Amino acid sequence: MINYILWDIDNTLLNFDLAEEASMINGFEKFGIKVTDENALLGYKKINDKYWKRLENGEIDRDEVLLGRFREFFTKYNIDYDDNLVENFNLNFQKELGRQVFFHDHAKEVLNELKNNYKQYAVTNGSKIAQTGKITNSGLDKILDDVFISEDLGVDKPNKAFFDKIFEKIGSTNKKEYILIGDSLTSDIRGANNAAIKNIWFNPNTNINETKIKVDFDIKDLSEVPGILKRIDV
């Protein structure tokens, strides 16, 4: 029987793409950065995704993600920069991400519907500055039972050790009591596989799973979650 739900935040409960775009534009304006290429934000997203994938694979550390992505972005789009600009732009970006809150359809309704029957937790690789802001400004701190940020735990999804620490903090190591819900195959769903717990892949764009990662349930809309949980618990 499922007792504990582990929710990813970015692009699962909250629309990270919208928050990311708004935060980048805020940084351009604040630091007087002129970007003439209309595809620059898409270019940044590709760079950012690449750096986070490298973190998931254990190739680089968190500082290399947070700062390296902007160094590469500024270089690619011929923006003059120094280390001071990179550090300040990144800090502003993290703070803005915490302020820009856009819920995915039905996310808040589903959380509230499940609240009385399940313990619900956020599990995230996002930076502590950004995620703490999101949790507070979105009101998720009033709904969720706790938030587990990899920066605090000292290990990232999809590592098994990330989940082992969460199980220890929650107080149950019974894997059958857990389910993870997330959008990323390589971070969330692979993490659930590594931790030997059930998973729900939030897949609104109906992407094809071309990996060997095991998906237990594939959904397009978060409103499908309560029905899945009822079937599991029968």
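Colleague: Which helix makes a right-handed β-α-β unit with E2 and E3?

Modeller: Helix H6 (residues 128-138) does, forming that right-handed unit together with E2 and E3. A crossover counts as right-handed if, with the strands pointing away from the viewer, the path from the first strand over the helix to the second runs clockwise. Helices (H or I, at least four residues) and strands (E, at least two) are DSSP runs, numbered from the N terminus.

Colleague: And what sort of model is this?

Modeller: This is a predicted model, in which local features need pLDDT of at least 70 and side-chain atom pairs count only at pLDDT 80 or more, while totals for chains, interfaces and linings use all residues. Residues are numbered from 1 along each chain as its sequence is written, and side-chain values use heavy atoms, with hydrogens and water left out.

Colleague: How do E2 and E3 pair, and over how many bridges?

Modeller: Strand E2 (residues 119-124) pairs with E3 in the parallel sense over 4 bridges; two strands pair if DSSP finds at least two bridges between them. Val123 has Phe148 of E3 as its bridge partner, and Ala122 stands opposite Val147 in E3.

Colleague: In what order do the strands of the sheet come?

Modeller: The order is E3-E2-E1-E4-E5-E6, an open sheet of 6 strands with parallel pairing. Strand E3 (146-149) and E6 stand at the edges with a single partner strand each, so one side of each has no neighbour in the sheet. On average, neighbouring strands of this sheet are turned by 20 degrees against each other, direction ignored. Axes here are lines fitted to C-alpha atoms, for helices over the stretch in contact, and angles run from 0 to 180 degrees between N-to-C directions.

Colleague: Is E5 mostly covered or uncovered?

Modeller: Strand E5 (residues 198-202) is mostly covered, with 4 of its 5 residues buried. Buried means under 20% relative accessible area, exposed over 50%, and partly exposed in between (1.4 Å probe, protein chains only).

Colleague: Which strands does E5 pair with?

Modeller: On one hand, E5 runs parallel to strand E4 (residues 178-182), joined by 4 bridges. The bridge partner of Ile181 in E5 is Ile200. From E4 the chain crosses through helix H9 (residues 185-195) to E5, a right-handed β-α-β crossover. E5 also pairs with strand E6 (residues 217-219), in the parallel sense, over 3 bridges. There, Trp201 has Asp218 of E6 as its bridge partner.

Colleague: Which strands do H9 and H10 lie across?

Modeller: H9 lies across E4 and E5, at about 165 degrees to E5. Helix H10 (residues 225-233) lies across strand E1 (4-7), E4, E5 and E6, and runs at about 160 degrees to E6.

Colleague: Changing topic, how do H2 and H3 cross?

Modeller: The axes of helix H2 (residues 40-56) and helix H3 (residues 62-76) come within 9 Å and cross at roughly 150 degrees. That makes H2 roughly antiparallel to H3 (under 35 degrees counts as roughly parallel, over 145 as roughly antiparallel, 65 to 115 as roughly perpendicular and the rest as oblique). The crossing is right-handed; a crossing is left-handed if the near helix is turned anticlockwise from the far one by less than a right angle, and right-handed if clockwise. Residues making the contact include Tyr44, Ile47, Tyr51 and Trp52 of H2 and Val65, Leu66, Arg69 and Phe73 of H3. Contact means heavy atoms within 4.5 Å.

Colleague: Trp52, then: buried or exposed?

Modeller: Trp52, in helix H2, is buried, with a relative accessible area of 17%. Leaving aside neighbours within four places in sequence, Trp52 is in contact with Arg62, Val65, Leu66, Arg69, Asn125 and Gly126.

Colleague: And what does Glu96 contact?

Modeller: Beyond its neighbours within four places in sequence, Glu96 is in contact with Ser23 and Asn26. Glu96 lies in helix H4 (residues 83-99) and counts as buried at 8% relative accessibility.

Colleague: Where is the cis peptide bond?

Modeller: A cis peptide bond joins Lys157 and Pro158, with omega about 10 degrees. Pro158 is in the loop between helix H7 (150-153) and helix H8 (160-170).

Colleague: Which residues other than glycine have a positive phi?

Modeller: Asn11 is one of them, with a phi of about 65 degrees. Asn11 is in the loop between E1 and helix H1 (16-30), and counts as buried at 16% relative accessibility. Ala196 is another, its phi being near 65 degrees; Ala196 is in the loop between H9 and E5.
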